[in-house]
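Here is a short briefing on one protein model and its ligand. Look over the sequence and the structure, then read on by topic.

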Amino acid sequence: MSKQSPVIPALKPASIAPKGDLEGYTICVYGGASQRVDMEHRALAAEVGTRIGEAGANLVFGGGKVGLMGASSLAAQQAGSEVTGVITRFLLDMEAANRELSELIVVETMHQRKNIMMERADAFVILPGGFGTLEEVMEVVTLKQLGQLDKPIVFADFSGFWQPLIALFDHFEQQNYLHNRFEDLYSLAATPEAILDQLASALAAKKASKAEAASL
Ligand code: AMP
């Protein structure tokens, strides 16, 4: 009987996303602050952060260590991203501000917090979340609808988390309450890999169309 060759475990790839895909870009990550959520969501949020770091992008977020926002930002930091947190003074303790970030900006109002995050971002990832996340995402979606913001928005639709909201958007459309085709305002991706692919292709397409406009 021939001896079977020993099984050599496959080497873990050093990088899970092609290095440099998002070099120079800043990704804003919105996500829930709750500590009581599905561990699978936490793991996927962390993987999104790792992939952002591995792709060479920086990250801006709400500044806290709690919940999915904490999981993704800590992982991005570990993977080499410059991470900026923007937090209001009254949330410093409540959301366990991460004092080891590349930059922690402390502001007075929630509006200032959102504005800084929005201005610094080249694109947005919407992790599962609650009222706060919904408030943040509706602001970017509505500004995009009005043509006041032209940045990719990707919903992290882990296990169909955002489907009830998408069903509501569908309802708005069926009743003719929308001004754009809502699918043009954002995209959905169910896995960290797909999220990063969508960010990379949307940002590359935006860069190409800017270059084309400049050459005319
Ligand atoms: P949540 O999805 O409710 O867990 O909240 C996610 C994040 O959104 C947390 O950092 C909240 O502090 C933040 N947030 C809550 N309400 C608002 C608001 N009105 N404007 C901006 N951010 C908010």
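By class, the residues around the ligand split into 4 nonpolar, 8 polar and 4 charged. Keep in mind that this is a predicted model. The points below start at the ligand, move to the sheet and its helices, and end in the loops.

**Around the ligand**
- The shell has 16 residues, and those that come nearest to the ligand are Ala 33, Gly 129, Gly 130, Gly 132 and Thr 133.
- Helix α4 (131–145) gives the most to this shell, with 5 residues.
- Both α3 (110–120) and α4 supply at least two shell residues each.

**The sheet**
- Seven strands form an open sheet with parallel pairing, in the order β4-β3-β2-β1-β5-β6-β7.
- Its edge strands are β4 (103–107) and β7, each of which pairs on one side only.
- On average, neighbouring strands are turned by 25 degrees against each other, direction ignored.
- Strands β1 and β5 run parallel and are joined by 4 bridges.
- Val 29 stands opposite Val 125 of β5.
- Helix α2 (residues 67–78) packs on the sheet and touches β1, β2 (58–61) and β3 (83–88).
- The direction of α2 makes about 155 degrees with that of β2.

**Helix α6**
- Helix α6 covers residues 192–215, which is 24 residues.
- At 1.5 Å a residue it should span 34 Å, and its end C-alpha atoms lie 35 Å apart, so the two values agree.
- Buried residues in α6 are Pro 192, Ile 195, Leu 196, Gln 198, Leu 199 and Leu 203.
- An α-helix has 3.6 residues a turn, so residues three or four places apart point the same way.

**The loop between α5 and β7**
- Phe 182 sits in the loop that runs between α5 (163–174) and β7 (187–189).
- Beyond its neighbours within four places in sequence, Phe 182 is in contact with Phe 169 and Glu 173.
- Phe 182 and Asp 170 are 12 residues apart in sequence, and their C-alpha atoms are 8.2 Å apart in space.
- Asn 176 also lies in the loop between α5 and β7.
- Asn 176 has a positive phi of about 60 degrees, although it is not a glycine.
- Asn 176 counts as exposed because it has 7 C-beta neighbours inside 10 Å.

**Two other loop residues**
- Ser 159 is placed in the loop between β6 and α5.
- Its phi is near 50 degrees, a positive value in a residue other than glycine.
- Ser 159 has 12 C-beta neighbours inside 10 Å, so it counts as exposed.
- Ser 102 is found in the loop between β3 and β4.
- With 12 C-beta neighbours inside 10 Å, Ser 102 therefore counts as exposed.
- Not counting residues up to four places away in sequence, Ser 102 touches Glu 82, Val 83 and Thr 84.
- Ser 102 and Pro 164 are 62 residues apart in sequence and 36 Å apart in space, C-alpha to C-alpha.

Conventions:
Residues are numbered from 1 along each chain as its sequence is written. This is a predicted model: local features need pLDDT of at least 70, side-chain atom pairs count only at pLDDT 80 or more; totals for chains, interfaces and linings use all residues. Two residues are in contact if their C-beta atoms, placed from the backbone, lie within 7 Å. The expected span of a helix is 1.5 Å times one less than its number of residues. A residue is buried if 20 or more other C-beta atoms lie within 10 Å of its own, exposed if 12 or fewer, and partly exposed in between; C-beta atoms are placed from the backbone. A residue is near a molecule or strand if its C-beta atom, placed from the backbone, lies within 6 Å of it. Ala, Val, Leu, Ile, Met, Phe, Trp, Tyr, Cys and Pro count as nonpolar, Asp, Glu, Lys and Arg as charged, and the others, Gly among them, as polar. Two strands pair if DSSP finds at least two bridges between them. Axes are lines fitted to C-alpha atoms, for helices over the stretch in contact, and angles run from 0 to 180 degrees between N-to-C directions.
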